[in-house]
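Please open the structure in a viewer and keep the selection tool at hand.

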Amino acid sequence: MGTAPDAGQLMAILLKLLNAKKTIEVGVFTGYSLLLTALTIPHDGKIIAMDPDRKAYEVGLPSIKKAGVEHKIDYIESQALPVLDKLLENPSNDGNFDFAYVDADKGNYWNYHERLIKLIKIGGLIIYDNTLWGGTVALPEELVPGPKRKIRQEALAFNKAISSDSRVEISLVSIGDGFTICRRTH
Ligand SMILES: C[S@@+](CC[C@H](N)C(=O)[O-])C[C@H]1O[C@@H](n2cnc3c(N)ncnc32)[C@H](O)[C@@H]1O
């Protein structure tokens, strides 16, 4: 997302169409998508953002402060799975979020999905980034450079699993590095 402004524009439009107020972000890095979300949701909106790399977040934090949107962000320095599990311990969080954006370790995307699908309201959206993994998901493995093969396999497994999940409707948009837009239907 950091290098794909077109993906950011799409995300901003979706956030506005949804009137999203409560969101979750998995994978913050220096906060490009976090700042975009914070600038887009209303003044009293909230983002629960999680990433174990606080140093990277602090690189972008001055821009977030300058934009006057820090009050919307609850940054949690942690791996995402324990944070999502903790949220799920409180039944009032079920279906309590409008939107989630996932841009972190690809091997955990399905684990994130199993948790986010309960936290997002029916009609809410989850966006998964990098689901085309540089186009490699459409190539035979022998044409993919060695270092990209593991994540290609993870992306393929996730794409297959989500495409047969009856709880959602999805659209894999060829923008940026591949955006899977996923709407909870029930
Ligand atoms: C591609 S960057 C995120 C970019 C960010 N969304 C943006 O738009 O600039 C991926 C981030 O995922 C984080 N990450 C990796 N494993 C994670 C995990 N298990 N839980 C949460 N975040 C994780 C990394 O620390 C890294 O900052």
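Select Ile127 first, together with Met11, Tyr101, Val102, Phe179, Thr180 and Ile181, which Ile127 touches when residues up to four places away in sequence are not counted. Two residues are in contact if their C-beta atoms, placed from the backbone, lie within 7 Å. Ile127 belongs to strand β5. Helices (H or I, at least four residues) and strands (E, at least two) are DSSP runs, numbered from the N terminus. Is Ile127 buried or exposed? Ile127 is buried, because 22 other C-beta atoms lie within 10 Å. A residue is called buried if 20 or more other C-beta atoms lie within 10 Å of its own, exposed if 12 or fewer, and partly exposed in between, with C-beta atoms placed from the backbone.

Two notes apply to every stop. This is a predicted model, in which local features need pLDDT of at least 70 and side-chain atom pairs count only at pLDDT 80 or more, whereas totals for chains, interfaces and linings use all residues. Residues are numbered from 1 along each chain as its sequence is written.

**The whole protein**

Next, display the entire protein. Its secondary structure comes to 6 helices and 7 strands, and along the sequence these follow the pattern α-β-α-β-α-β-α-β-α-β-α-β-β. The C-alpha trace spans about 50 × 35 × 30 Å along its principal axes. A compact globule of 186 residues would have a radius of gyration near 16 Å, and the protein agrees, with 16 Å. This radius is taken over C-alpha atoms, and the globule rule is 2.2 Å times the number of residues to the power 0.38. Of the 186 residues, 37% are buried. Among contacts between residues at least 6 apart in sequence, 70% join residues at least 24 apart.

**Helices α1 and α2**

Two packed helices are described by the angle between their axes and the distance between the axes. Select helix α1 (residues 5-18) and helix α2 (residues 32-40), which pack at an angle of about 35° with their axes 10 Å apart. Axes are lines fitted to C-alpha atoms, for helices over the stretch in contact, and angles run from 0 to 180 degrees between N-to-C directions. The crossing of α1 and α2 is right-handed. A crossing is right-handed if the near helix is turned clockwise from the far one by less than a right angle, and left-handed if anticlockwise.

Which residues make this contact? From α1 they are Gly8, Met11, Ala12, Leu15 and Lys16, and from α2 they are Ser33, Leu36, Thr37 and Thr40. By class, the contact of α1 with α2 has 4 nonpolar, 4 polar and 1 charged residues. Here Ala, Val, Leu, Ile, Met, Phe, Trp, Tyr, Cys and Pro count as nonpolar, Asp, Glu, Lys and Arg as charged, and the others, Gly among them, as polar.

Remain on α2 and colour its buried residues: Ser33, Leu34, Leu35, Thr37 and Ala38. These buried residues pack against α1, β1 (22-26), β2 (46-51), α3 (54-66), β3 (73-77) and β4 (97-102).

**Helices α4 and α5**

Now select helix α4 (residues 80-89) and helix α5 (residues 109-119), whose axes are 10 Å apart at an angle of about 25°. α4 and α5 are therefore roughly parallel to each other; angles under 35 degrees count as roughly parallel, over 145 as roughly antiparallel, 65 to 115 as roughly perpendicular and the rest as oblique. The crossing of α4 and α5 is left-handed. Among the residues in contact are Leu81, Leu84 and Leu88 of α4 and Tyr112, Arg115 and Leu119 of α5.

**Two loops**

Most residues other than glycine have a negative phi, and most peptide bonds are trans. Select Phe29 in the loop between β1 and α2: its phi is positive, about 50°, although Phe29 is not a glycine. Phe29 is partly exposed, with 17 C-beta neighbours inside 10 Å. Finally, select Asn130 in the loop between β5 (120-129) and α6. Asn130 also is not a glycine and has a positive phi of about 70°. Asn130 is buried, with 23 other C-beta atoms within 10 Å.
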